[in-house]
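Trainee: I've got a model open and I'd like to learn how to read its surface and its strands. Can we walk through it together?

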Amino acid sequence: VSDVTWADWVGAYFRDPKQVFVAFAVDPESYLRIYPEFRVDEQARKRWIADRQGVLVGRQLAEMYGWKVGERIPIRSQIWINGESGDKSWEVNIDGILDTDDPRRDTRFMLMHWKYLDEARTFRRNTFGWAVLRTKGPEYNEKVARTIDAMFENSANATRTDTEAAFAKAFIDQLGNVGLIITSVVGAAMFTILLIAGTTMMLAVRERTREIAVMKTIGFSAGGVFAMVLAEAAMIAFLGGLGGLLVALGILEAAGQALAQYLPHLSMGAETWALGFGLMLALTLATGLPPAWNAMRLSIVAGLGWRS
């Protein structure tokens with residue numbers, strides 16, 4: 001382990017208890033070392049470290065409430081009781097504004113001193129919610145995690161150590177088995193699309209039986225007819241699929257900004273695009289091959305409805 005910091009969830013809100021915002025009680029110096037992607041000017045950094053009641057506010061959160069550096073504001077907690085004031089309010093000084101160079105990082109959050117929270121709260125003193133560790137390299141992660149969990153295995157505060165990405169996924173999974181829900185919904189949607197697209201293609205070819213027979217009469221080969229019907233199925237699958245991927249990309253971009261604090265680097269990778277194109281191809285073959293095969297095998301006599 002090369003560095004470590006720790007934090008607690010504050011459960012903070014400002015005026016309206018329905019509008020809870022992200023607020024962490026942290027160890028100031030080590031937290032900024034662990035997360036260098038968050039920028040704050042040097043004067044504000046020194047001011048915050050020296051001010052026990054000071055907070056750093058993300059730019060988006062500051063703009064949301066119109067907060068300025070130098071203001072003293074009351075925040076309230078849904079969890080902790082302030083033993084000094086006798087209620088759940090905490091007076092804090094805004095010492096600086098946090099920025100980030102990563103557009104996928106959300107700055108709607110606040111950082112306050114863990115000691116300020118810990119010294120005044122009425123329960124769970126001298127504890128913290130989670131620790132963030134940096135190892136000397138990814139190859140050490142698994143061994144460090146096992147060692148830490150083994151140290152606390154039989155204690156009153158057993159730990160579960162994992163990567164930050166796995167922690168974020170577990171946080172979201174508290175809402176339910178998100179993976180199973182998504183897979184079930186997508187599976188049902190794919191089955192419905194398969195039925196609709198397949199039925200549409202079969203009816204389209206059946207309604208154009210005479211036209212196909214005429215095309216063969218004037219010289220179109222059976223292979224050419226097969227290719228045209230399959231191309232029509234491909235056009236339906238790929239136009240719909242590309243539209244869906246572009247909509248998903250837009251939704252992920254918006255969700256990545258809104259959930260950056262919990263799911264950093266949420267984006268659509270190359271493997272997702274490859275899977276999408278693979279599903280489009282599979283849909284083309286599943287819905288296009290049967291009608292294309294029937295069109296290729298259609299005889300001119302049967303297509304024109306002649307009787308002997």
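Mentor: Let's begin with a helix: α7 gives the most to the nonpolar patch, with four residues. Keep in mind that this is a predicted model.

Trainee: Which residues form the nonpolar patch on the surface?

Mentor: I182, V186, M190, I193, L275 and L279, and together they have about 500 Å² of accessible area. Two elements, α7 (178–207) and α10 (270–297), each give two or more residues to that patch.

Trainee: Now the strands. What is the general idea with side chains there?

Mentor: In a regular strand, they alternate between the two faces of the sheet. For a case here, look at β1, residues 3–9, where you'll find D8.

Trainee: Is D8 buried or exposed?

Mentor: Buried, because its relative accessibility is 2% and the cut-off is under 20%.

Trainee: What does the side chain of D8 reach?

Mentor: The backbone nitrogen of G129, at 2.8 Å. Beyond its sequence neighbours within four places, D8 is in contact with several residues, including W80, W114, R121, R124 and W130.

Trainee: And which strands pair with β1?

Mentor: β9 (residues 130–134) pairs with β1 in the antiparallel sense over five bridges. β3 (residues 20–26) is also antiparallel to β1, over three bridges.

Methods: Residues numbered from 1 in each chain as written. Predicted model: local features only at pLDDT ≥ 70, side-chain atom pairs only at ≥ 80, totals over all residues. Heavy atoms only, no water. Buried < 20%, exposed > 50% of the residue type's maximum accessible area, 1.4 Å probe, protein only. Polar contact = N/O pair within 3.5 Å; in protein donor to acceptor, adjacent residues only side chain to side chain. Contact = heavy atoms within 4.5 Å. Pairing = 2+ DSSP bridges. Patch = residues over 30% accessible without salt bridge, like charges linked within 9 Å, V, L, I, M, F, W, Y side chains within 5 Å. Areas by Shrake-Rupley, 256 points an atom, 1.4 Å probe, with all protein chains shown as cover. Salt bridge = Lys/Arg side-chain N within 4 Å of Asp/Glu carboxyl O.
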